[in-house]
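I opened the notebook to go through side-chain contacts, one kind after another. My entries follow the order in which I looked things up.

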Amino acid sequence: MFTAAAESFLKQAREIPAEELRRFASRVAALLLPGRDAGPEAVDGLQRLHLVVAATKYPRPLDGKLVELLQTVLCLPKCPEQVQVLCAAILREMSPCNELILSCDEVQDTKLLSLISSILLAQGDKKAEVSAVGQRIVKVLEGRLPEGQSSRHLLPVLSNVISLSPVSLTEEQTNVVSKKMVDWLRYASTQQGVPQSSGGFFSNPRARQPGPITEVDGAIATDFFTVLSLGQHYTEDQWLNMQAFSMLRKWLLCYGGEGLSTPNSDDRSEMDGSVMSMVSTTSTSSHLLPPKERLREKAFEYCQRLIEQSNRRALKKADGELQKACLIEAVTILDIICKQDSSYVYRTLSSLKTLHDTISGDFTYARALLPIAQFFLNHGEMAAVDSDAIYKHLFTEIPAQLFHNPSLAFEFIQFCKDNSQLFTVTSSIFRQTFPNLFKFLAWNSPSLISEFVDLLPFLLDAGTAIEIFHLLLDLPCLTAALDIQLRSPSLHVSEKAACDPSVKPATSLEAFRHPVYKSMFQYLLRIEAAPEDSPERLIPLRQLLGSLASSPRVVQCAETVPVLLELFFSVVAEFADKPLVNQLVLLVLQRSDQLYETPAFKDDVHRVLSSQLLTLCKLHPAFIVELSKELLEFLGSVSNIRNKEPLFTHLVWAVGEYMSVSYDKRCTVEQINRFFEALEATLFEITQLRPLASIPNYAPRVITVLMTALTKLASRSQDLIPRVSLFLSKMRMFVQSPAVTSVYCEEDREEILIRATELMNLLKMPSVAQFVFTPPVDVASTPFQRDTNASLPFALRIVSRLLEGGTGFMPG
């Protein structure tokens, strides 16, 4: 975050008017004119100008003469380095720039070439600048540099060229650089550099003698130099060694294989299937190898040395963090090398297996376990190595212990997403431990939702769908439980509260160790799948965790559940069979009562479940008949209207639509009658006018959908038509009663009355009513039968108008 002073400066820079900017730029230009000494005043002016042009997303135009002057000053032989850097920074911020006349073709000074190249690469390759820069950089690296010049200014530019356009380098040029990288990686000095000293009376010649390079544990380095070799002062070749390693992965991905690839392409491609000798390449003199293969060999040696250096105990914390970062990079590079040349696989396996055994117990090395697992995923089958122990440790221990590490969480889920198809084939551990992955999502919901949307379809199948459904609904509870788990070590609980089940825990923190709630927490925080266990056991825990419902982390997690639920049903619809659909329908009804105790979360989940209930209906309409007992129980409770009106309304619609012999030959008149009586009783209950009692404010949509469903059922069992007609005829009295007019607005009352009128008119022609409400399945999807916004089909309104004959009819 910026300080208040920095924010003030940025605001001023963004809001400076164009005219004021023009005057200020003129003053800066005057300071840069030929013959003027570019001193502190010029530096200050350039710094302010850079702030102005860099403070906004849109370009701030500068006078063409100033742009030309900036380029001229940049290329002056004796220009101060700070002024050069500022001029280059301003020109980069203005890119793409039409007034640019810079070229790198004749530039000899490597620092200046680096600055000019950075400007040219920022132009967007309008004039093939990327290729020109790449050609020039390689040419300078290939030749002998003048005294005082350094190649290390050019390697970052070369890395940028590779990212922007790998094809800009020819094979001959890549061979040149590969040879250079071999020297930089393998043959750097193991003596420290000489410190820059001006001498003087008190200077000590012996103190300026270069000392040996040391390891991170303080021991003198006896092997070749790497990025983990430490010194007070570094030589030129040591700097090149470190820079070469930093771009080694990108270089191998682009130019290390048989064909050209891009550094952003998937480096997890399958290994070359050609038959290759398993004899180590060390049996051939590396000097006789082609440049690509020789670079692979030296890169392999370099990475193996890094793995050996990572076993040393660092004296400084910063060196320890550097060890971990280099270890991750080394294992990743070894994986790339083995993909490009399978003869390295057997030489790498043993060292990585030993490395895993060494670091697996130290959670500070958790990120390094991911590239190790990636290596065994890519090469374990070829080498006939059983890697299940590596996968099991990764998927059981890491999410459970480090779910609160945001960067690790992202990398872990990304790793799972990248390897999801491979994991489902290679190892069953991935699917066995999927509840553990939801801990990452529960704790880091906003930042991981996109990755989990991509991963969830791979987790879902007929065997996991039910448990994942429960996991999604309990996700906010899991967030609250993880919060308690993190805080529980610091909680002081009395021995009596911890051991006596009769003592009710005062807080959710105390409940974490309470005998009654402990098993509930263990189930919610489980590591492996438990499909046979019942989520009903969590009902007391959901109520207890309600105290954390207002926690920002819990709220954020709850907001992601509806998105994932919709994805869940869309994926399940692709493979669900009839038994699974029936099970999900029952769970929708059951879990609608068993949700985390927050009103907003319940409303959102009910909305999604109700809409997805229709998806299940389309998949398997026969569940209306097969689950009639459970559906009747749900529809017979008026409290379900108050607590979950969307779900109740959609289920009523489904009964009216699909309780028909057209969808299931097992549908009988007796079943239709039972549903009719249940819905009739419910509608009577919510529309009954009682003395001295006000009617509850049910949504008009509930009443109209209930009336419509009853009419649909009566059209299929025509003995029920008189009962429906009598009920509908009383709706005018209902909507005109004082109790109703005090609750419903005029539009709501009119909606109910119009629907009742339409239904009554239609029932006067039972055969027409049966066609409208129960069309043959092959015509049910025609425009005449589409039911939009819970209104009746268009045919109903046509029939109603014909019967009214222009005079109209209202039930009285």
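Which residues form one aromatic cluster? I found F395, F412, F430 and F440 in it. I note that this is a predicted model.

**Aromatic pairs**

I searched the whole structure and got 19 aromatic pairs. One of them is F224 with Y302, a tilted pair at 6.2 Å centre to centre and 45° between the planes. I then placed the two residues. F224 is in the loop between helix 9 (171-186) and helix 10 (236-246), while Y302 is in helix 12 (residues 291-309), so the pair ties together parts 78 residues apart in sequence. I checked burial too. F224 is buried at a relative accessible area of 8%, and Y302 is buried at 0%.

Next I took F403 and W443. Their ring centres are 5.5 Å apart and their planes stand at 75°, so I logged the pair as edge-to-face. F403 sits in the loop between helix 16 (388-402) and helix 17 (406-418), and W443 in helix 20 (residues 434-443), so this pair ties together parts 40 residues apart in sequence. Both F403 and W443 are buried.

**Charges over rings**

I came back to F224 here. The charged end of R305 sits over the F224 ring, 5.7 Å from its centre. I also noted K324, whose charged end sits over the ring of Y365 at 4.8 Å from the centre.

**Salt bridges**

How many salt bridges does a search of the whole structure find? I got 33.

I looked up R152 and E236, which meet in a salt bridge at 3.3 Å, N to O. R152 lies in the loop between helix 7 (129-142) and helix 8 (155-164) and E236 in helix 10, so the pair ties together parts 84 residues apart in sequence. R152 is partly exposed at 29% relative accessibility, and E236 is partly exposed at 32%.

E215 and R312 meet in a salt bridge at 4.0 Å, N to O. This pair links distant parts of the chain, 97 residues apart. Is E215 buried or exposed? I read 3% relative accessibility, which counts as buried. R312 is partly exposed at 23%. R305 turns up again here: E215, D217, R305, E308 and R312 are linked in a network of salt bridges.

**Last entry**

I finished with T687 in helix 35 (residues 669-687). T687 is buried, with a relative accessible area of 9%. A polar atom of the T687 side chain lies 2.6 Å from the backbone oxygen of L683.

Technical notes
Residues numbered from 1 in each chain as written. Predicted model: local features only at pLDDT ≥ 70, side-chain atom pairs only at ≥ 80, totals over all residues. Heavy atoms only, no water. Helix = DSSP H or I, 4+ residues; strand = E, 2+ residues; numbered from the N terminus. Buried < 20%, exposed > 50% of the residue type's maximum accessible area, 1.4 Å probe, protein only. Polar contact = N/O pair within 3.5 Å; in protein donor to acceptor, adjacent residues only side chain to side chain. Phe/Tyr/Trp six-rings, centres within 6.5 Å; stacked < 30°, edge-to-face > 60°. Lys NZ or Arg CZ within 6 Å of the ring centre and 35° of its normal. Salt bridge = Lys/Arg side-chain N within 4 Å of Asp/Glu carboxyl O.
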